[in-house]
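Have a look at the structure first, then read on.

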Amino acid sequence: MSLTFRAFEPTPVDFELHARLYSAHSPEDAIDAGHVQRTTDAHAAKFEYERVFAYLDGEPVASMHVSKPLWFDSPHMTYHTVSSDPSIWDTKWHEELWNLNEKRAMSKGRSMLLAFSSTLQPYDEAWLREHGYEQTQMNIHVACDLDAFSVADHAPLLDRLSSEGFEILALQELEDVGVDWRRPFYEMELELDQDIPVPEPLLPEPFEEFAERSKNPLRYPLDSLFVARQNGELVGVSMLYPSRVVPERMHTGLTGVRRPYRRKGLARAMKVRAMQWAKEHGKRTVFADNEQDNPMLQLNRSLGFAEFKREYSFQKVILREDLSQSDREPLS
Ligand SMILES: CC(C)(COP(=O)(O)OP(=O)(O)OC[C@H]1O[C@@H](n2cnc3c(N)ncnc32)[C@H](O)[C@@H]1OP(=O)(O)O)[C@@H](O)C(=O)NCCC(=O)NCCS
């Protein structure tokens, strides 16, 4: 048996192939070709994507990705991952592909490698731990069955907040009445980002990019992004995004409340409102993930979310002598 490689091209065939390999590797986070095309268009040049497909005896078995980190403001880091088909996980090819991809990542010459893995991809986790990667964060992924979720249980909280002058609205409702929400919302999000535990500082999105993105309903679904307001001032946010491939599933984005407004039940209330929206729109499940010590995890559990995987962030320091051995091997 032999491995061969081919560079990813931004074509419909390769969007489809990457989506297929990624989804086979991480079915809980499956994507489609449209998603690959949108993210490639938006990020490939900026984050210097280098993707290669690996074939075993002519059959595609993995998509190997190297780039700058997409989410973190870390110019010293290179992110890499191998999305391989489960049929090769317990073979020597899995190890071989990670070894090769690490060499590709090291050839960027940066001092740190970044990678992720989870309990649902145990062979990746094992490879990373055995090859000198240190775990820097653990996020717990949880899911809530909306059939078991009752909005009525939370009516007293929603009534109390309403009597205190808090409103919970979808961004679409603000858009519909011509409220100029983008700048204050962007500033609130930057403020909240400071308090989210992350392995590295987040890369702030320029306002102009956010403003553009927020006009594209595929990237920014205003009807499932909720905010809390008091006296017209934005004080919190809770975001749900539709799954890219499972119509009845929603994924949770940022939930956050500005510091002076915490511990009043606003995060819980916005989540309840968002889950009510999801139920009303025929959704069955909501996914979320939080750093293991984030109070949001407890809040989610109390709303009926249950754990289904643990995700690990890993980093590996690259020494100067490692770099000199990392001459890139041709993948062909
Ligand atoms: C996490 C966060 C959204 C909670 O917002 P909040 O409006 O204060 O939360 P609520 O008032 O609805 O809290 C509901 C329950 O969650 C738990 N909780 C919330 N904050 C907590 C904290 N700091 N410590 C312990 N428990 C906490 C409590 O059980 C609380 O109920 P209680 O007040 O009756 O004890 C807020 O702290 C925040 O914005 N953090 C920064 C952003 C972030 O990390 N978001 C999550 C990752 S996306």
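Predicted model: local features only at pLDDT ≥ 70, side-chain atom pairs only at ≥ 80, totals over all residues.

The domain assignment puts 3-139 + 313-324 in domain 1 and 150-303 in domain 2. Where they touch, domain 1 brings 15 residues to the contact and domain 2 brings 13 residues. On the domain 1 side, helix H2 (33-43), strand S6 (134-145) and strand S12 (306-317) each supply at least two residues. S6 has the largest share of that side, with four residues. Sorted by class, the domain 1 side has five nonpolar, seven polar and three charged residues.

Zooming out for a moment, the protein chain holds eleven helices and twelve strands. Its C-alpha atoms fill a box of roughly 70 × 40 × 35 Å along the principal axes. How does the radius of gyration sit against that of a compact globule? For 332 residues such a globule would be near 20 Å, and the protein chain has 21 Å, so the two agree. Buried residues account for 32% of the 332 residues. Of the contacts with a separation of 6 or more, 71% link residues 24 or more positions apart.

Nonpolar side chains tend to be buried together in soluble globular proteins. In this model the largest nonpolar core has 33 residues, and the members touching the most others are Phe226, Ala228, Leu266, Met270, Ala278 and Val286. Several elements supply at least two residues each to this core, among them S6, strand S8 (225-230), strand S9 (233-242) and strand S11 (285-291). H9 gives the largest share, eight residues. Take Ala228 as one example: leaving out residues up to four places away in sequence, Ala228 touches Phe166, Ile168, Val235, Gly236, Leu266 and Met270. There's also a second, separate core of 32 residues, which includes Leu97, Leu113, Ala115 and Tyr133.

On to the ligand. Which of the 20 residues around the ligand come nearest? They are Gly256, Arg262, Ala267, Arg268 and Pro295. Strand S10 (249-257), helix H9 (266-280) and helix H10 (295-302) each give at least two residues to this shell. The shell splits into nine nonpolar, six polar and five charged residues.

A few loop residues are worth a click. Phe72 is in the loop between strand S3 (59-67) and strand S4 (77-84). Not counting residues up to four places away in sequence, Phe72 touches Met77, Glu200, Pro201, Leu202 and Leu203. The C-alpha atoms of Phe72 and Leu202 are separated by 4.3 Å, although these residues are 130 residues apart along the chain.

Most residues other than glycine have a negative phi. Glu48 has a positive phi, near 55 degrees, and lies in the loop between H2 and strand S2 (50-56). Asp57 also has a positive value, near 50 degrees, and sits in the loop between S2 and S3.

| Residue | C-beta neighbours inside 10 Å | Class |
|---|---|---|
| Phe72 | 17 neighbours | partly exposed |
| Glu48 | 12 neighbours | exposed |
| Asp57 | 9 neighbours | exposed |

Conventions: Residues numbered from 1 in each chain as written. Near = placed C-beta within 6 Å. Nonpolar A, V, L, I, M, F, W, Y, C, P; charged D, E, K, R; others polar. Domains from an automatic or database assignment. Contact = placed C-beta atoms within 7 Å. Core = buried A, V, L, I, M, F, W, Y, C linked by C-beta atoms within 7 Å. Buried ≥ 20, exposed ≤ 12 C-beta atoms within 10 Å, placed from the backbone. Rg over C-alpha atoms; globule rule 2.2 N^0.38 Å.
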